[in-house]
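Me: I have a protein model open and would like to go through it with you, one question at a time. Shall we start with the terms and then turn to the fold?

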Amino acid sequence: MKIVEDKGKKPKLAEKSDDQNSDVIDEKLVLSIEKLQEMQDELEKINEEASDKVLEVEQKYNEIRKPVYDKRNDIIKSIPDFWLTAFLSHPALSELLSEEDQKIFKHLTSLEVEDFKDVKSGYSISFNFSPNPYFEDTKITKTFTFQDEGTKITATSIKWKEGMGIPNGVNHEKKGNKRPPTEESFFSWFTDTQQKDDVEEIHDEIADIIKEDLWPNPLTYFNNDPDEEDFDEEADGEGKDDNESEDDDEDDDQLEDDDDEDEGDGK
């Protein structure tokens with residue numbers, strides 16, 4: 001009987017041993033995760049320091065680039081319709097310029113993009129105009145300030161000359177819940193600073209294109225022929241049509257030859 005009792009106790013000892021092993025494994029797992037979290041925290045700290053260093057370098061080179069940008073603007077002023085051509089040649093910005101905008105852009109003498117001293121706080125885009133029959137301002141600026149709750153957008157209140165504001169998408173009066181349709185244009189984008197989610201996305205997209213694409217090297221777009229790509233596509237289409245026409249003629253000639261052979265065999 002004692003032998004039987006001893007055998008009956010062994011499984012309980014085994015179960016207890018398994019529980020102890022399980023506790024050891026859980027403790028090791030917890031310790032490993034804690035150490036891993038410590039490593040991640042350390043990496044996060046290094047990444048934050050790296051970001052600060054990158055911003056410091058960016059701020060430094062912004063100051064170095066500024067006089068070069070100023071010299072570039074002086075040269076651009078001697079080139080007729082430079083910014084108008086660059087905008088019209090840009091695949092995205094060209095759609096923003098209405099016919100009225102294009103007339104006004106003939107008076108655009110320079111464009112400036114400036115980061116805030118604290119780069120991560122925001123930036124501004126300024127447009128300088130020569131005296132013109134459309135508005136009194138010689139400089140209009142749109143500013144994007146990055147805040148915790150989102151991007152705050154402000155813009156110069158344009159002093160339109162009599163009869164010149166409405167064609168460019170401003171000064172529309174609201175009637176009830178309806179608003180007269182506004183033609184999409186540069187100035188409707190510039191003057192609209194309403195803090196709406198869908199509008200904010202449009203604002204940021206256009207501003208980012210000007211800041212990150214057009215401003216660094218506008219000469220790329222000034223030298224680009226906006227109709228060149230369309231012409232190439234049309235030429236390819238015409239060539240394809242001519243080839244298809246020639247193929248059709250060859251097929252017709254082959255059918256006529258086959259018919260003549262059939263008639264000869266019938267005789």
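Reply: Happy to! Helices (H or I, at least four residues) and strands (E, at least two) are DSSP runs, numbered from the N terminus. This is a predicted model, where local features need pLDDT of at least 70, side-chain atom pairs count only at pLDDT 80 or more, and totals for chains, interfaces and linings use all residues. Residues are numbered from 1 along each chain as its sequence is written, and side-chain values use heavy atoms, with hydrogens and water left out.

Me: Is Asp-70 buried, partly exposed or exposed?

Reply: Buried means under 20% relative accessible area, exposed over 50%, and partly exposed in between (1.4 Å probe, protein chains only). Asp-70 has a relative accessible area of 30%, so the class is partly exposed.

Me: Which residue forms a salt bridge with Arg-65?

Reply: Arg-65 has 30% relative accessibility and therefore counts as partly exposed. The closest N and O atoms of the pair are 2.9 Å apart, and the partner is Glu-58.

Me: Asp-81 and Lys-106 also meet in a salt bridge; how many residues apart in sequence are the parts that the pair ties together?

Reply: The N to O distance for Asp-81 and Lys-106 is 3.1 Å. Asp-81 lies in the loop between α1 and α2, and Lys-106 in the loop between α3 (99-105) and β1, so the parts tied together are apart in sequence by 25 residues.

Me: What is the order of the strands in the open sheet?

Reply: Two strands pair if DSSP finds at least two bridges between them. For β3 (residues 139-147) and β4 (residues 150-155), which run antiparallel, there are 6 bridges, and these two strands form a hairpin with 2 residues between them. The open sheet has 4 strands with antiparallel pairing, in the order β1-β2-β3-β4.

Me: Which residue in β4 is the bridge partner of Phe-144?

Reply: Along the pairing of β3 with β4, Lys-142 stands opposite Ala-155. For Phe-144, the bridge partner in β4 is Ile-153.

Me: Helix α2 is mostly covered; how many of its 8 residues are buried?

Reply: The buried residues of α2 include Phe-82, Trp-83 and Leu-84. Ala-86, Phe-87 and Ser-89 are also among them. Of the 8 residues in α2, the number buried is 6.

Me: Which residues make the nonpolar surface patch of about 270 Å²?

Reply: Patches are made of residues with over 30% relative accessible area and no salt bridge: like charges are joined within 9 Å, nonpolar side chains (Val, Leu, Ile, Met, Phe, Trp, Tyr) within 5 Å. Areas come from the Shrake-Rupley method with a 1.4 Å probe, and for residues only the protein chains shown count as cover. The patch is made by Val-57, Tyr-61 and Ile-64.

Technical notes. Salt bridge = Lys/Arg side-chain N within 4 Å of Asp/Glu carboxyl O.
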